[in-house]
Amino acid sequence: MLIKKAPDIRSSEITPESLYLRRREFIQAAGLTAAAAVTGVLGAGRTSEAGQTGEPLAVTKKMVTTGDEAPTPYDDVTTYNNFYEFGTDKDDPARASGRFKPKPWSVKVEGLCNKPGDYNLEDILRPNALEERVYRLRCVEAWSMIVPWVGLPLGDVLKRFEPNGNARYVEFETIVRPSEMPGQQRRVLDWPYREGLRLDEAMNPLAIMAVGLYGRVLPNQNGAPMRLIVPWKYGFKGIKSIVKVKFVDKEPLNTWRQMQASEYGFYANVNPAVDHPRWSQATERRIGEFAKRKTLMFNGYAEQVQSLYSGMDLRVNY
Ligand SMILES: Nc1nc2c(c(=O)[nH]1)N[C@H]1C(S)=C(S)[C@@H](COP(=O)(O)O)O[C@H]1N2
Ligand SMILES: [Mo]
């Protein structure tokens, strides 16, 4: 794990051009060459700069948790998506999300906390420094990617709302906007898409609220303007385009469990030993590769998270 620090930068105070320059300074400060910056930070392989329309973001820390595994090219990360609000095929979100407006954005905070209310995105981001986290994403459908996300530790975001002593879980909801999200014009899922975490899981330092990828603002198809990344869990826990955060005392009913509880649980921890009822979870296909890889317990993050589940039967709590 590599963590580099650079001076704090408040993204709301700087123009996009200077953000980009600061980012270059950061890359140099981190001891990377320009070539490494292009292949390792801005993308490997057939990355197309042309496809990157998002505003650049300044990151002040970088954490790589994937060893020397190459990041999945930007074009794949942004064209092979699950986001049923824009359709159920993998290429639907990239094709059908152009009309979605992630700005301005406000988030409703409710439930067992001292600071409920409506917050706009800028206020949620303001006092915190954005970090780049290179994580594996492992979908329940047995494919995986390596993605350089940009975001904030989820715990730092949630602590600002001061959850009280009765809060044991946190629930999240995606926006409902059928006029901009064509997939929501049909009842494929029971909208809004909902997800939840136990509060101690949400506070684990690996969980992030992501606002960007590959150094730029999140594209619509990846969950603009703000989505969860919980790298030790199957991808469906990474709820996109969040508009509601609610602190509760009972386990929330997440959308996929509501749809098919025998196949999708609340915990959804990546676990090669517990098969999905219709397929094995022992291996995965890395997008862009042919041979299959072995799936790792907790997606390779066991050391950091297994203590959250000590004493639990993970075949029952899948
Ligand atoms: N609102 C919402 N969030 C969602 C989904 C969705 O359909 N709607 N799909 C989930 C699934 S199944 C996966 S694998 C990840 C995919 O994230 P990505 O497209 O950025 O790779 O998003 C998750 N978040
Ligand atoms: Mo998924």
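View 1. A search of the whole structure, which is a predicted model, finds zero disulfides.

**View 2. The open sheet of five strands.** The strands of this open sheet follow the order β4-β3-β12-β7-β8, and their pairing is mixed. Because β4 (117-120) and β8 (194-198) stand at the edges and each has a single partner strand, one side of each is left without a neighbour in the sheet. On average, and with direction ignored, neighbouring strands of this sheet are turned by 20 degrees against each other. Strand β7, made up of residues 169-174, runs antiparallel to β8 and is joined to β8 by five bridges; Val170, for instance, has Leu197 in β8 as its bridge partner.

**View 3. The largest nonpolar core and the contacts of Phe247.** The largest nonpolar core holds 80 residues, and those with the most contacts inside this core are Phe172, Trp232 and Phe247. Strand β6 (residues 143-153) gives the most to the core, contributing six residues. In soluble globular proteins, nonpolar side chains tend to be buried together. When residues up to four places away in sequence are not counted, Phe247 touches a set of residues that includes Cys113, Leu158, Phe161, Tyr169, Val170 and Leu199.

**View 4. Thr72 and the residues around it.** Thr72 is located in the loop between β2 (61-64) and α3 (74-77), and with a relative accessibility of 2% this residue counts as buried. Leaving aside residues up to four places away in sequence, Thr72 touches Val77, Met145, Ile146, Tyr214, Arg286 and Ile287.

View 5. Most residues other than glycine have a negative phi, and most peptide bonds are trans. The peptide bond from Trp191 to Pro192, however, is cis, with omega near 0 degrees, and Pro192 is found in the loop between β7 and β8. A cis peptide bond also leads from Ala224 to Pro225, with omega near -5 degrees, and Pro225 has its place in the loop between β10 (216-217) and β11 (227-229). Ala142, in the loop between β5 (131-138) and β6, has a positive phi of about 70 degrees and is buried, with a relative accessible area of 17%. Glu162, in the loop between α6 (154-159) and β7, has a positive phi near 50 degrees and is partly exposed, with a relative accessible area of 32%.

Definitions and conventions
Residues numbered from 1 in each chain as written. Chains lettered and ligands numbered in written order. Heavy atoms only, no water. Pairing = 2+ DSSP bridges. Helix = DSSP H or I, 4+ residues; strand = E, 2+ residues; numbered from the N terminus. Axes fitted to C-alpha atoms, helices over the stretch in contact; angles between N-to-C directions. Core = buried A, V, L, I, M, F, W, Y, C linked by side-chain atoms within 4.5 Å. Buried < 20%, exposed > 50% of the residue type's maximum accessible area, 1.4 Å probe, protein only. Contact = heavy atoms within 4.5 Å. Disulfide = S-S within 2.5 Å.
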